[in-house]
Amino acid sequence: MVSFLIAYASWSGNTEEVAQIVEEALLSEGMDVTVHRIGIGPMPNPRQFDAMIIGSFTWEKGSTPDEVKDFVADVGYKPRNVYVFGTGDTQFGGDDLFCHAAVKLARFYESAIAPLKIEQSPRGTQEKKVIEWSKGVFQHWQHLHALKY
């Protein structure tokens with residue numbers, strides 16, 4: 001069975017909500033999913049998963065939270081098949097800094113899919129955006145897997 005690790009950091013609960021929707025979407029596709037809140041409890045070994053999804057809020061002026069930076073350092077290498085989502089607020093830094101932590105993480109991991117950017121909470125119309133992005137992640141992984149055979 002295909003396994004995904006969703007590792008996220010959340011301060012206000014918005015990023016956690018996105019992680020839950022992503023988890024539900026992947027489970028509906030028959031994937032095995034482990035969810036880890038960064039900074040809480042022992043970190044799962046990313047090498048035990050087929051793909052990793054990292055979720056982060058953006059802090060201050062486009063900054064990545066320290067706990068996410070620590071998680072990246074603790075991973076210690078750049079796993080393949082990393083996808084990124086983020087939550088943010090355009091009122092702090094405008095469009096240029098909106099979800100900038102997710103943009104930086106996606107660039108660092110050379111993610112094949114653009115990071116998902118959610119304005120504050122994933123409720124309402126943004127929930128559909130999260131589900132569609134999650135399905136895109138699954139389809140991308142399926143495509144990569146099909147190329148191996």
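Which exposed residues are carried by the face of α2 turned away from its buried side? They are Asp 66, Ala 73 and Asp 74. Here exposed means over 50% relative accessible area, buried under 20%, and partly exposed in between, with a 1.4 Å probe and protein chains only.

The structure is a predicted model, in which local features need pLDDT of at least 70, side-chain atom pairs count only at pLDDT 80 or more, and totals for chains, interfaces and linings use all residues. Residues are numbered from 1 along each chain as its sequence is written, and side-chain values use heavy atoms, with hydrogens and water left out.

On the buried side of α2 are Val 68, Phe 71, Val 72 and Val 75. These buried residues line one face of the helix, because they fall within an arc of 95° when seen down its axis; the arc is that of the directions from the helix axis to the C-beta atoms. Helices (H or I, at least four residues) and strands (E, at least two) are DSSP runs, numbered from the N terminus.

Asp 70 also belongs to α2, which spans residues 66-75. With 47% relative accessibility, Asp 70 counts as partly exposed. Together with Glu 60, Asp 66, Glu 67 and Asp 74, Asp 70 forms a negative surface patch. Patches consist of residues with over 30% relative accessible area and no salt bridge, like charges being joined within 9 Å and nonpolar side chains (Val, Leu, Ile, Met, Phe, Trp, Tyr) within 5 Å. The place of a charge is taken as CG of Asp or CD of Glu.

**Salt bridges**

A search of the whole structure finds 2 salt bridges, each defined by a side-chain nitrogen of Lys or Arg within 4 Å of a carboxyl oxygen of Asp or Glu.

| Salt bridge | N to O distance |
|---|---|
| Glu 16 and Arg 37 | 3.8 Å |
| Glu 17 and Arg 123 | 2.8 Å |

Arg 123 lies in the loop between β5 (116-119) and α5 (125-147) and Glu 17 in helix α1, so this pair ties together parts that are 106 residues apart in sequence. Arg 123 counts as exposed, at 58% relative accessibility.

The side chains of Glu 16 and Arg 37 meet in the other salt bridge. This pair links helix α1 (residues 14-28), which holds Glu 16, to strand β2 (residues 32-37), which holds Arg 37, across 21 residues. Glu 16 is partly exposed at 25% relative accessible area, and Arg 37 is partly exposed at 30%.

**Ala 101**

Helix α4 (residues 100-108) contains Ala 101, which counts as buried at 0% relative accessibility. The C-alpha atoms of Ala 101 and Met 1 are separated by 31 Å, the two residues being 100 residues apart along the chain.

Conventions: Areas by Shrake-Rupley, 256 points an atom, 1.4 Å probe, with all protein chains shown as cover. Lys, Arg positive; Asp, Glu negative; His and termini not counted.
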